[in-house]
Amino acid sequence: EQSYDFRAIQDRWLPVWEELKPFEVPQDASVQSAKPTKYVLDMFPYPSGDLHMGHAEAFCFGDILARYWRGQGYDVLHPIGWDSFGLPAENAAIKRGVDPREWTYANIAQQKASFRIYAPSFDWSRVLHTSDPEYYKWNQWIFLKMYEKGLAYRKASWVNWDPVDQTVLANEQVLADGTSERSGAMVVKKKLTQWYFRITDYADRLLEDLDQLEGKWPTKVLNMQRNWIGRSGGAEVEFEIEGRAEKVPVFTTRPDTLHGATFMVVAPDSDLAAELAAGASPEVRMQFQAYLDATQKQSEIERQNTDREKTGVFLDHFAVNPVNGERIPVWASDYVLADYGHGAIMAVPAHDQRDLDFALKFELPVRVVVNVLDEDGTPMPDPAESGIATAGEGVLVNSAELDGLSKNDAIAKAIEVLEERGTGRAATTYRLRDWLISRQRYWGTPIPILHAEDGSMRPVAEAELPVKLPEAAGLDLKPKGSSPLGAATEWVNVTDPETGETLTRDPDTMDTFVDSSWYFFRFLSSNDATQAFDPAEAKKWAPVDQYVGGVEHAILHLLYSRFITKVMFDLGYIDFEEPFLDMLNQGMVLLDGAKMSKSKGNLVEFASELSEHGADALRVTLAFAGPPEDDIDWADVSVQGSAKFLARAWRIAHDIELSGSTSTDFAAGDTGLRRATHQLLADAPGLAESYKFNVVVARLMEQVNVTRKAIDSGCGAADPAVRESAEAIAIILSLFAPYAAEDMWAMLGHEPTVSLVEWPAADESLLVQEAVTMIVQVDGKVRDKVTVSPTISEADAEAQALGAPNAQRAIGDRQVVKVIVRAPKIVSIVTKP
Ligand code: ANZ
């Protein structure tokens, strides 16, 4: 007798699916379909080796949703591609002496082979690799569009520099201890001329549009985005510095405290500090230089640590407080950051703790300008004495026209006064910085800019794109602080065909976050050589309805994708401004409570799990382990248990086949089993849509059990209700175990593929109605009990109670004077003769 054999089943259906290509959707918006559409996307993989368990999990969840929506009658776009540029490929290539191209594409081939067996329902006709010139051509096109709009620009600035990898790092690639996330080296600051995208122009929209995603994205992710943008409202106040023609602006959230500003602090690494120090005595100059050197060894995170002992250098200059004409000393200190606000602050020691710590250390004056009370209504102790700055609500003092006002009124009034005098204005500051996109590495998209000898720049003509990456052979890829492309002489040097002028190509490559900031658009038209994507396709499919991926991308990838989407909107290519409508962040796959890694030696290999247990058992295990947002501990799951469940499900279809019955007269089937089947059909959609995949699997397990019971000790395998149940099981099971489901579907006499079958609707009349007992009292005595729906209305409850036979008997010919209804529990009837 035949038994469940996952290998045989995989071998049977893979070639059939490959022939059928059931998940391809035409790349032609003019092909009409009456169906609504869904775009379901998993964050695309990085080809660092074979697929790992994290991929298995994320792609399992994305695939459940893609398959679910097909079952609900949608055309579903579910594409796959590879994020194939980037440092790891290059570093691995350097280590092994192979071409990064070869290494990358070999890994992609391996991942493709694993995916083929794992069988997510991808549209393979749209596959893309960001390292293909056909893809990165459009990165360059986007760059040119941004350049045209003034959104791509170059500036010299201090950047995080990884001295081991010899490359620029983004802030979030620098760990809290100041080391590089990549190499572990202490990160230093270095001044470089770099390309930036002006994302700060979009800060307000990026912040405000998050409100549209409330309830659709995880709250944690929304908050991380908000904090990263970090908008603060306040004022910009201009201070004169004695001996300097131009005034210096500072940003403050507390313009109400201006009368309490007793000194000014500038960031040591700001241009202003350098300028003021240059005009000071040789002694101050030396002190300042030493202090600047020390500051540059510190990470931004260390500098923001409020517990640190304050340090600083007096710059031998004085500023003038614009509201009271007072001369205040100007200091340099590392707690002021060069690239936040204006890189200079008015220090109000009475009401800001950092300023107070600084004032107490360097014996600077502390002046209270807000009388702050504690919870009991008693005045807070003097900050100069207690060492505690008072930041709360209070009434203004020592502040001329602001005296007597509350903090908020004083903020408004102070701004008014500043604006009247022309020495300040309301202002908003953001934590968000412009996006540094240039990298001094080989394996990325070349920046399509030509430099002339006079220092001017020419964008490469659109018709000349792509600017192809030169071959790696012969180039020294080892990091050295400038791009390896600079040494590709033949590539770098270009003669302008019109003027004969010698031009050089920009040797930097783009941050790979550029590649991933718009790949969801390229999937719409991945085979179109004439445009980045077809706006008509975008109208049909985009935005992405469901995005699935790791929370490690909660900040940058999502922020950059949202930014580029808004740029595309402004350029008129699309009519929406948010790229991802719903998002699921899956948990991690752990082993014995720990993150798996090669170095810890606790790696569960996806490839070996796949060959040992098969795709279906692996996928069912991942889906059944718990809510998808939670971590899965591989030590706690049972892949064997999943395989047993699949065998039991499969055997139901097998038994039906053996029974020889082909009746589809479901209405004639066993009612008890039919009720269970229809309850499953009624409940599964809501569960799937709220990501309760584990509950759907549990319900399938129950259904398999009741069906088995019906076969063995009930109506028997030939009963049409058993077939009805088996079909429902196969259809819903196809979300999790496409091979077993397809095999069941075939045994039930259907053509492939079960994956495109629309879910049967639940028959309402077969659903188990919930019911409660309602008590009917007449003149204080319980006379009857009626079964009612828990949601019964007051009017219906009253009618039911009055109509209940025993209640009617008790009422007799007495007159009902009052009916008190407490639906659905009790109805109390009061009568009189
Ligand atoms: C005077 C003042 C008085 C301030 C007071 C606060 C309290 P957030 O909320 O984070 O935006 N600040 C401004 N620029 C800075 C920089 N480049 N580096 C370090 N600190 C800077 O913080 C804004 C406040 O942080 C500003 O308001 C300024 O100090 C400081 F009772 O100005 B405040």
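Visitor: What does the accessible surface of the chain come to, and what share belongs to carbon and sulfur atoms?

Guide: This is a predicted model, and the values are computed from it. The accessible surface of the chain comes to about 35500 Å². Carbon and sulfur atoms account for 50% of that surface.

Visitor: What are the dimensions of the C-alpha trace along its principal axes, and how many helices and strands are there?

Guide: The trace spans about 100 × 90 × 50 Å. The chain holds 26 helices and 32 strands.

Visitor: How many residues are in the chain, and what percentage of them is buried?

Guide: The chain has 833 residues, and 53% of them are buried. Contacts can be read by separation in sequence. Taking contacts between residues at least 6 apart, 73% join residues at least 24 apart.

Visitor: How far apart are the mean positions of the positive and negative charges?

Guide: They are 3 Å apart, with 81 positive and 125 negative charges counted.

Visitor: Which residues of helix α3 are buried?

Guide: Start with the general idea. An α-helix has 3.6 residues a turn, so residues three or four places apart point the same way. Now the case here. Helix α3 covers residues 87–96, and its buried residues are L87, A89, E90, A92 and A93. The elements that cover these buried residues include α4 (100–118) and β6 (167–169). Just after α3 comes G97, with a positive phi of about 65°.

Visitor: Is D334 buried or exposed?

Guide: A residue counts as buried when its relative accessible area is under 20%. D334 has 4% relative accessibility, so D334 is buried. D334 sits in the loop between β12 (327–332) and β13. Beyond its neighbours within four places in sequence, D334 contacts P268, Y291, T295, Q298, R303, R308 and T311.

Visitor: Which residues come nearest to the ligand?

Guide: There are 18 residues around the ligand, and S232, T252, L337, Y340 and R431 come nearest. Two strands, β9 (248–252) and β13 (344–347), each supply at least two residues of the shell around the ligand.

Visitor: How much of the ligand does the protein bury?

Guide: Taken alone, the ligand exposes 650 Å², and the protein buries 86% of that.

Key
Residues are numbered from 1 along each chain as its sequence is written. This is a predicted model: local features need pLDDT of at least 70, side-chain atom pairs count only at pLDDT 80 or more; totals for chains, interfaces and linings use all residues. Side-chain values use heavy atoms; hydrogens and water are left out. Helices (H or I, at least four residues) and strands (E, at least two) are DSSP runs, numbered from the N terminus. Buried means under 20% relative accessible area, exposed over 50%, partly exposed in between (1.4 Å probe, protein chains only). Contact means heavy atoms within 4.5 Å. Accessible areas come from the Shrake-Rupley method with a 1.4 Å probe; for residues, only the protein chains shown count as cover. Lys and Arg count as positive and Asp and Glu as negative; His and the chain ends are not counted. The place of a charge is taken as NZ of Lys, CZ of Arg, CG of Asp or CD of Glu. A residue is near a molecule or strand if one of its heavy atoms lies within 4 Å of it.
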